[in-house]
Amino acid sequence: MAAPWASLRLVAPMWNGRIRGIHRLGGAVAPEGNQKKKRTILQLLTNYFYDVEALRDYLLQREMYKVHEKNRSFTWLEKQHGPYGAGAFFILKQGGAVKFRDKEWIRPDKYGHFSQEFWNFCVVPVEAVDASDCDINYEGLDNLLLLKELQSLSLQRCSHVDDWCLSRLYPLADSLQELSLAGCPRVSERGLACLHHLRNLRRLDISDLPAVSNPGLTQILVEEMLPNCEVVGVDWAEGLKSGPEEQPQDTASPVPA
Amino acid sequence: MIRRVLPHGLGRGLLTRKPGTRRGGFSLDWDGKVSEIKKKIKSILPGRSCDLLQDTSHLPPEHSDVVIVGGGVLGLSVAYWLKKLESRRGAIRVLVVERDHTYSQASTGLSVGGICQQFSLPENIQLSLFSASFLRNINEYLAVVDAPPLDLRFSPSGYLLLASEKDAAAMESNVKVQRQVGAKISLMSPDQLRNKFPWINTEGVALASYGMEDEGWFDPWCLLQGLRRKVQSLGVLFCQGEVTRFVSSSQRMLTTDDKAVVLKRIHKVHVKMDCSLEYQPVECAIVVNAAGAWSAQIAALAGIGEGPPGTLQGTKLPVEPRKRYVYVWHCPQGPGLETPLVADTSGAYFRREGLGSNYLGGRSPTEQEEPDPANLEVDHDFFQDKVWPHLALRIPAFETLKVQSAWASYYDYNTFDQNGVVGPHPLVANMYFATGFSGHGLQQAPGVGRAVAEMILKGRFQTIDLSPFLFTRFYLGEKIQENNII
């Protein structure tokens, strides 16, 4: 069970110069041997000195606080520009892309800047959201759920989306038709069980979910649960072990006497 | 050269016993001697207790500010919040005394692990809501440096409570209270129920309430181990032993009506070690009774309930162990992945377990059918006669099922009104209770732990007001009845 969470290590990567954002919370680039040695020295120091332990604890709490900061509710924006504007701004700020009805996709560029024109037409409902690789968590869904007429939602590779978040998606049941959860490390079959509220779902992508214990069986059960939906991503034969290879009959060789 | 010869010579000395050396000589147990010397040196170094004469490392400390009797989820939750809310680091010394470190009979490990907000009392709903947010953010609350994160295996599938005609009005008013406090519950008519869950037989059901968020079930053992790990890293001491005696002093005082009242204060707790007569008197300021099903024994040790019945002195702690059975069965055609924890009108409940069409459930027996709580033996006939008929009636697919296993566990049942006892005792001034939750202790543990810690440190409840749950209600006769007990 530690495998999907192995990246949630602590302070060692912070000292490797600039942090590459909270996406790589622990993804150090140092070579393996060096990493291991660094980790044990740090662990040794942590075990012997309360101060080191307290410092590491504080730094961990600060990392978590940063994620919370990113997911705060934009209630003032909602009052000013309506729910669609606030929701769209939240997604764009996180680094995702937004598509209003009858308009083009709005994406932030690599510096995180995005065009501010959408404030003009934010009475138009948002149709599709691509929140891949964003840091949306349970509290951030407050902003996402403002988009009442959302039809397509992509939460691919979101590292903070877990089973609790999936249980919050039921208000979008009337409109949501497409949902993608590919590559989310914290989503398990227990979270997929609460997608049964989404009666209008037509396409569900559940490929590459490392926390699901039995992907083939889960796919079958999810297909039973959502009869009108096309469930994509897992081959039903995954997880089946192939039997012992049968030796091909070699008719040319002479039969031993 | 000499170095090579010496051990060689010694080795030969070990093997060959010269006739003169046995009498009065010592057999050179080199390794044993070295380890003993190492131990002695380590005990002299700073940071270790110096016990050169007697090894007392297995005994609890002689002084502790708070002694928590009972190391289950409630006791550990109180310890955690005491350490979280203390004014500066290391201000309070806490000792948790647990009789059985394997938790073989503890209600926590044997629990079904459900959490729901569908209660009738606002305090219960608030406690469950807080516990849900605690569990959701458990890796922030219980993060320990260098330890792997906790996987609670929480299934957010919700609770589905079914009500017959006569209970429908009560259910509606309950749901109104729940929504006011902030829980997300939806009410469903029999038609909507059939639409959503076609495997239910809605005969006799007038109304159903379905929890949409923050309800489900999780792994209680993981919560217990996570709390234990965090609490140990915060500096709480653990001791495996049994509390056998409280040494207390009493003071006779007069009330304003000139009635004599005896106020007691516990000074020492005698903790007896496992399988021996050795005990350690622990001097303490506050004792927290979180002993679960055995809380009444601890309360009796402190002298609670010794007096003429009908007086405050004579009011015993009305918590007793009640045995409950949980059965696991396999039903291949049973309800699918979306199944919530269904609680029937008859009191029978079940939920899914895992991906393989396994279910577990049970039913609370009526007062007349209560099994004997002397041991944890399972009565399989109870399933045949009292649980299966109701389940098969409600879910026709359960007419064919095969029981795989079963277990029994204790509820710390409050015979007065089935709700918890929280807070200090009016006469024994330094004993605090955190027990008697009658089957929903696990789901309310984080909230209750925080409330007791606030009571101890600040003197009053700050976040959730649990004053209706104080001990004095047993004397005053004020029942706070909870209607939705599963």
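**Chain contacts, domain contacts and cysteines**

User: Which residue of chain A does the side chain of Asp146(B) meet in a salt bridge?

Analyst: This is a predicted model, so take the distance as a property of the model. The N to O distance is 3.1 Å, and the cut-off for a salt bridge is 4 Å. The partner of Asp146(B) is Arg56(A).

User: OK, and how many salt bridges does the rule find across the interface of chain B and chain A?

Analyst: There are also seven residue pairs in polar contact between chain B and chain A, both residues at pLDDT 80 or more. For salt bridges across that interface, the rule gives two.

User: What area is buried between chain B and chain A?

Analyst: The contact takes 29 residues of chain B and 37 residues of chain A. On the chain B side, Val145(B), Leu337(B) and Leu355(B) supply 21% of the buried area, more than any other three residues. Carbon and sulfur atoms give 61% of the total between the two chains, which is about 3,100 Å².

User: Now inside chain B: how far apart are the C-alpha centres of domain 2 and domain 3?

Analyst: The domain assignment puts domain 2 of chain B at 164-211 and domain 3 of chain B at 323-410. Ten residues from domain 2 and twelve residues from domain 3 make the contact. The C-alpha centres of these two domains of chain B lie apart by 21 Å.

User: Which three residues of domain 2 of chain B lose the most area to domain 3 of chain B?

Analyst: The area buried between these two domains of chain B is about 850 Å², with 63% from carbon and sulfur atoms. On the domain 2 side, the touching residues are five nonpolar, four polar and one charged. Together, 61% of what that side buries comes from Phe197(B), Trp199(B) and Asn201(B).

User: How many salt bridges are there between domain 2 and domain 3 of chain B?

Analyst: Polar contacts do turn up there: four residue pairs, both residues at pLDDT 80 or more. The salt bridge count between domain 2 and domain 3 of chain B, though, is zero.

User: Switching to cysteines, which cysteine has the sulfur nearest to that of Cys165(A)?

Analyst: Over all chains, the disulfide count is zero. Cys165(A) is buried, with a relative accessible area of 3%. The nearest cysteine sulfur is 9.1 Å away, against a disulfide cut-off of 2.5 Å. That sulfur belongs to Cys158(A).

User: And is Cys229(A) buried or exposed?

Analyst: Cys229(A) is in no disulfide either, with the nearest cysteine sulfur, that of Cys194(A), 15 Å away. Its relative accessible area is 10%, and the cut-off is under 20%, so Cys229(A) counts as buried.

Methods:
Residues numbered from 1 in each chain as written. Chains lettered and ligands numbered in written order. Predicted model: local features only at pLDDT ≥ 70, side-chain atom pairs only at ≥ 80, totals over all residues. Heavy atoms only, no water. Domains from an automatic or database assignment. Contact = heavy atoms within 4.5 Å. Buried area = accessible area lost by both parts, 1.4 Å probe. Polar contact = N/O pair within 3.5 Å; in protein donor to acceptor, adjacent residues only side chain to side chain. Nonpolar A, V, L, I, M, F, W, Y, C, P; charged D, E, K, R; others polar. Buried < 20%, exposed > 50% of the residue type's maximum accessible area, 1.4 Å probe, protein only.
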